[in-house]
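Thanks for coming, everyone. Please put the model up on the screen, and I'll walk you through it.

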Amino acid sequence: MTRLLALIVAATLVLAGCGTTTGGGSNGPRQYKISSNATAKIQYRVLDSINALRQASGAGPLELNAQLNAAAATHALDMAKQNRPWHFGSDGSSPIQRVQRVGYQGLFLGETISETYENELQTLEAWLAQPDTKGVLLNPDAQELGFAWFQESNGKIWWVLVTGRPDAAPQLLG
């Protein structure tokens, strides 16, 4: 537990130098604004944080997967358009169907979602506090990760994380 807290504190300090905030002070809360050129930094910061936690739990590391990133990005935008965080798309699609649509040939293992004004490490910390989402992050069968978001002009961020395993046979649509 001490190792986890140290990792989160260290990651938060790194994050402080990479994100942009607006507002704050006595006029209201600070808003975390993601710059357009921060995608890779944020994705690898989350990947590194998750892999450190997975190593501590005895699970192997994850690798970013472009197809899973695309599925996550599509769903983040769709949740924003629906204005609700849930695992089904506006067209009724499931997470399995969304990863198949982007051409992912592996086995879908899990999805975590969030609607928040918090940054990615605060969101990751919240996911770790819940047994079901923590299980997705630390699933020892997972080998690949997709992570994306959509940020509204008001600062609200829709986060989506998807995990999979590349060595599985493709799933059939249900």
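The protein exposes about 9000 Å², and carbon and sulfur atoms supply 55% of that. Accessible areas come from the Shrake-Rupley method with a 1.4 Å probe, and for residues only the protein chains shown count as cover.

A word on the source. This is a predicted model: local features need pLDDT of at least 70, side-chain atom pairs count only at pLDDT 80 or more, and totals for chains, interfaces and linings use all residues. Residues are numbered from 1 along each chain as its sequence is written, and side-chain values use heavy atoms, with hydrogens and water left out.

Now the layout. The protein has six helices and six strands. Those are DSSP runs, numbered from the N terminus: helices are H or I with at least four residues, strands are E with at least two. Along the sequence the order is α-β-β-α-β-α-α-β-α-α-β-β.

How much of the protein is buried? Of its 174 residues, 44%. Buried means under 20% relative accessible area, exposed means over 50%, and partly exposed lies in between (1.4 Å probe, protein chains only). Take contacts with a separation of 6 or more: residues 24 or more positions apart account for 68% of them. Contact means heavy atoms within 4.5 Å.

Next, a helix pair. Helix α2 (residues 39–57) packs with helix α5 (residues 120–128) at an angle of about 30 degrees, and their axes are 10 Å apart. Axes are lines fitted to C-alpha atoms, for helices over the stretch in contact, and angles run from 0 to 180 degrees between N-to-C directions. So α2 and α5 are roughly parallel, a label for angles under 35 degrees.

Which residues of α2 and α5 meet? From α2, they are Ile 42, Arg 45, Val 46, Ser 49, Ile 50 and Leu 53. From α5, they are Glu 120, Leu 121, Leu 124 and Leu 128. That set divides into seven nonpolar, one polar and two charged.

On to helix α6, residues 131–138. Its buried residues are Thr 133, Val 136, Leu 137 and Leu 138. Their cover includes α2, β4 (107–116), α5 and β6.

Gln 97 sits in helix α4 (residues 95–101). Gln 97 is partly exposed, at 21% relative accessibility. Its C-alpha is 9.4 Å from that of Ala 71, 26 residues away in sequence.

Asp 167 lies in the segment after β6 (157–165). Asp 167 is exposed, with a relative accessible area of 56%.

Terms used: Parallel < 35°, antiparallel > 145°, perpendicular 65-115°, else oblique. Nonpolar A, V, L, I, M, F, W, Y, C, P; charged D, E, K, R; others polar.
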